[in-house]
Amino acid sequence: MKTRAITGVIFVAVMIAATLLGAYVYSIFFTLLSTWCLYEFYGIVSSEERAPNKVIGIALALVLFVLGSLISMDLLAVKFLALIIPFISATYIISLFQKRTFPFNDIAYTFLGIAYVTLPFFLFSKLGFMQGTFNDVMPLGFLILLWTNDTGAYLAGRSFGKRKLFERISPKKTWEGFFGGLILAIVAAVNLEKYFGYLPLWQWVSIAAIISIVGTLGDLVESMLKRSLHVKDSGNILPGHGGFLDRFDGLLLAAPMVYVFLILIN
């Protein structure tokens, strides 16, 4: 428990620092983090029947993330996104020469990693550029809400949890934990509006609700993935926590939904 707590504190501090140190550090950090999560995803899904092309998949993810970040910072024109097309084509072409029994399994899982991991991280990184120039308030606010939801869910679930939320997928999650996370996230949202502003109160509260609801479902989706593959953790790089992908399962579904919400209301 002590190791888990120390690891968590250090990692939170690193993420906050990366978010506060400006557009370049922020973009580079989340590019590398998303790439490692994609590597973990490819690792846990790989088997005799499934062999995603890790090299081309990671290359495609890096090109997509780097081009998107440069476009967000107005350092590159949108037309350069077309550079990802050769990597997409290469995913199919390379499979012709690999003589695999189920080549489209490999192709499908290669692209699934991009859709499931890279795209959500990229849309999260876009939260820092919602107003055209970099502002750390929105991504930092998102992370605070994500962490407070997780903390509230853990504390409420441990103290009061009785009614199972989705026992087939995650036996430890309870309705009491879910509502505890939602309530604490809303409390955090009220304080974000009070001390940081940036968005009206109703928008912060709405984002807190999205993160709590969709983030919990994202956690369940990753649990479903690991359970179906008979895997406990996505990795062991974080002592007491598992892999990076395990720590960001809530972000994978919540970040795209928050991004869509902000795009639609502004």
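How many residue pairs are in polar contact between domain 1 and domain 2? The count comes to five, with both residues of each pair at pLDDT 80 or more. Keep in mind that we're looking at a predicted model.

## Two domains

The protein splits into domain 1, covering 23–133, and domain 2, covering 134–265. Their C-alpha centres sit 23 Å apart. Where the two touch, domain 1 puts in 24 residues and domain 2 puts in 28 residues.

## What the interface is made of

About 2,500 Å² is buried between domain 1 and domain 2, and 79% of that comes from carbon and sulfur atoms. On the domain 1 side, Ile44, Tyr116 and Leu127 give up the most area to domain 2; together they make up 28% of what that side buries.

## Who supplies the domain 1 side

Two helices to look at here are helix 2 (23–45) and helix 5 (103–126), each of which brings at least two residues to the side of domain 1 that touches domain 2. Helix 2 has the largest share of that side, with ten residues.

Sort the residues of that domain 1 side by type and you get 18 nonpolar, three polar and three charged.

## A hairpin to finish

Now for the strands. Strand 1 (residues 164–166) and strand 2 (residues 170–174) run antiparallel and are joined by two bridges. The pair forms a hairpin, with three residues between strand 1 and strand 2.

Note on methods:
Residues are numbered from 1 along each chain as its sequence is written. This is a predicted model: local features need pLDDT of at least 70, side-chain atom pairs count only at pLDDT 80 or more; totals for chains, interfaces and linings use all residues. Side-chain values use heavy atoms; hydrogens and water are left out. Domain bounds come from an automatic or database domain assignment. Contact means heavy atoms within 4.5 Å. Buried area is the accessible area (1.4 Å probe) that two parts lose on being put together, summed over both. A polar contact is a pair of N or O atoms within 3.5 Å; within protein, one must be able to donate a hydrogen and the other to accept it, and residues adjacent in sequence count only if both atoms are side-chain atoms. Helices (H or I, at least four residues) and strands (E, at least two) are DSSP runs, numbered from the N terminus. Ala, Val, Leu, Ile, Met, Phe, Trp, Tyr, Cys and Pro count as nonpolar, Asp, Glu, Lys and Arg as charged, and the others, Gly among them, as polar. Two strands pair if DSSP finds at least two bridges between them.
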